[in-house]
Amino acid sequence: MSKSYHLAIDLGATSGRSVLATYDGERVQMDELTRFHYPMLPIGGHLYWNLPLIYQEVLNALRAAGTRLAAQGDTLASIGIDTWGVDVAYFYADGSLAGLPYCYRDTHTEGAVEHYGRHMSREELYSRTGIQFMNFNTLFQLDTLRRNGARVLDAADKILFMPDALVYMLTGKAVTEFTIASTSQMLNIATGDFDEVLLHNLGLRREKFGPLVQPGTVIGTLTPEIQHATGLGEVNVIAVAGHDTASAVIGIPATDEKYAYLSCGTWALFGVESPNSNSGPKALEYNFTNEGGIDGTTRLLKNICGLWIFERVREEMGLRDTNIAELAASCNDSVCESIINPDDPSFANPKSMVKAINDYCAEHGQKQPETSADYIRVIYRSLARRIGEMLGWLRELAPNEVERLHVIGGGSRNGHLMQMLADETRMPVIAGPAECTALGNVLVQLRGCGCVDSIKGMRDIASQSVETLAFTLR
């Protein structure tokens, strides 16, 4: 078959990129087009996302794709957007943006889980949604705004998750993609749609959220305005797995079901792909989450603080321009044995991450790190230790045996961390691909374009398109 071209927009917390993918009928080749940053905006004591800036970067990516393909005499077949979870944007009835979206790291949701107890117990809420309790889940963000008297909840005509908001701005079509909505703690685990009781508790109508669509759905084409602004034609915009972790899981080149995955970036998402959800007492006790996957699958997983701590320390210590591989190798220059809990609330968003680590070590009777190598060793070993601890819990809940760990995302490039994970979990670690999210995004676009029709077909393409590295227990 002739080649087709697909644009994946992959947006993480504070940075994003666009990837132009070429599909030749057997494998996908991916080329990064643009990379950009959009730091959290502190305004009036709160943290927001600069959605207009993000949208502008998306338009820049569309222009770049159009320019490159036009020079080759080719055209773009489709566009897909994935982002981080839980955050939402608000739009007025005329399509204009109703202010800036709150960032999930804003402190206004501190204690939000406990506040929601005035509506229902944790047990009932978990039985309805099967979602891990975290203060920044969409349910608690909206409840916090309602408690604080925010007018935007009633003024907004549409409330859309971040990938859906960008798709709306490109196409004029408002939808709610299933995997991104499943991060909200607002979907009923039995029906797969918004829970009517939870909406009632928030004082919101179902109509404010777009109709639910599954990954692979063609939402529409670029509006004439966007076609003119980007130089592109009536390109299809496809609902990929809008949550970046859901896209990443689709791109795992797995040959069977006996594995766990770790999507390792700012967050470390650790879990298994399951045919069924698990919202039983043990899953509640361990605070695992049941997020939506493709074709009715469930991503049974645990959200763990990932490389957020490392990135903050790296910046704070003036090491932003130092090669990550060099920083990782510095672990060998340290013998610091201190261990922190990455999920301790003190590491959520402190003014000084270095001080937060020092204080934690002092409070727990451990030696405080002294050198940059000490801090990096502590951070990496602590993350590996945390994954090792969670593996025992995951094995109790998983429907299949877990015999190996697939690590995907940027962290999979870190050989020192991968070896620590192999040592802590005492099982083989398959590292890569680092670009798994973009790959999964493209694979779902191929489905929407009719090039592939099953998860197995997607995994077969993934296996032929990427290379991985294996790490074993030393």
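This note goes through the predicted model point by point, from the overall dimensions to single residues.

1. Overall make-up. The secondary structure of the protein comprises 18 helices and 19 strands. Its radius of gyration is 22 Å, close to the 23 Å given by the globule rule for 474 residues, so the protein is as compact as a globular protein of that length. The C-alpha trace spans about 60 × 55 × 45 Å along its principal axes.

2. Burial and surface. Of the 474 residues in the protein, 59% are buried. The accessible surface amounts to about 18600 Å², and carbon and sulfur atoms hold 48% of that surface. Among contacts with a separation of 6 or more, 71% are between residues 24 or more positions apart.

3. Six strands make an open sheet in the order 3-2-1-6-12-11, and the pairing is mixed. Strand 3 (28-37) and strand 11 (217-221) are the edge strands, each pairing on one side only. From one strand to the next, the twist averages 25 degrees.

4. Strand 2 (residues 15-23) and strand 3 run antiparallel and are joined by nine bridges. Within this pairing, R17 stands opposite R35 in strand 3.

5. Helix 1 (residues 51-72) lies across strand 1 (4-11), strand 2, strand 3 and strand 6 (78-82). The angle between helix 1 and strand 3 is about 140 degrees. Helix 6 (residues 162-171) lies across strand 1, strand 6, strand 11 and strand 12 (236-239), and runs at about 40 degrees to strand 11.

6. Strand 13 (residues 259-264) pairs with strand 17 (residues 404-408) in the parallel sense, over five bridges. A260 stands opposite L405 in strand 17.

7. Helix 12 and its cover. The buried residues of helix 12 (residues 308-316) are W308, I309, F310, R312, V313 and R314. Two of the names in that list are arginines, R312 and R314. The cover over these buried residues includes strand 16, helix 13 (324-329), helix 14 (353-363) and helix 15. Just after helix 12, G318 takes a positive phi of about 70 degrees.

8. D423 and the end of the chain. D423 sits in helix 16 (residues 415-425). Leaving aside residues up to four places away in sequence, D423 touches T472, L473 and R474. With R474 there is also a polar contact of 2.5 Å between the side chains.

Definitions and conventions
Residues are numbered from 1 along each chain as its sequence is written. This is a predicted model: local features need pLDDT of at least 70, side-chain atom pairs count only at pLDDT 80 or more; totals for chains, interfaces and linings use all residues. Side-chain values use heavy atoms; hydrogens and water are left out. Two strands pair if DSSP finds at least two bridges between them. Helices (H or I, at least four residues) and strands (E, at least two) are DSSP runs, numbered from the N terminus. The radius of gyration is taken over C-alpha atoms; the globule rule is 2.2 Å times the number of residues to the power 0.38. Buried means under 20% relative accessible area, exposed over 50%, partly exposed in between (1.4 Å probe, protein chains only). Contact means heavy atoms within 4.5 Å. Accessible areas come from the Shrake-Rupley method with a 1.4 Å probe; for residues, only the protein chains shown count as cover. A polar contact is a pair of N or O atoms within 3.5 Å; within protein, one must be able to donate a hydrogen and the other to accept it, and residues adjacent in sequence count only if both atoms are side-chain atoms. Axes are lines fitted to C-alpha atoms, for helices over the stretch in contact, and angles run from 0 to 180 degrees between N-to-C directions.
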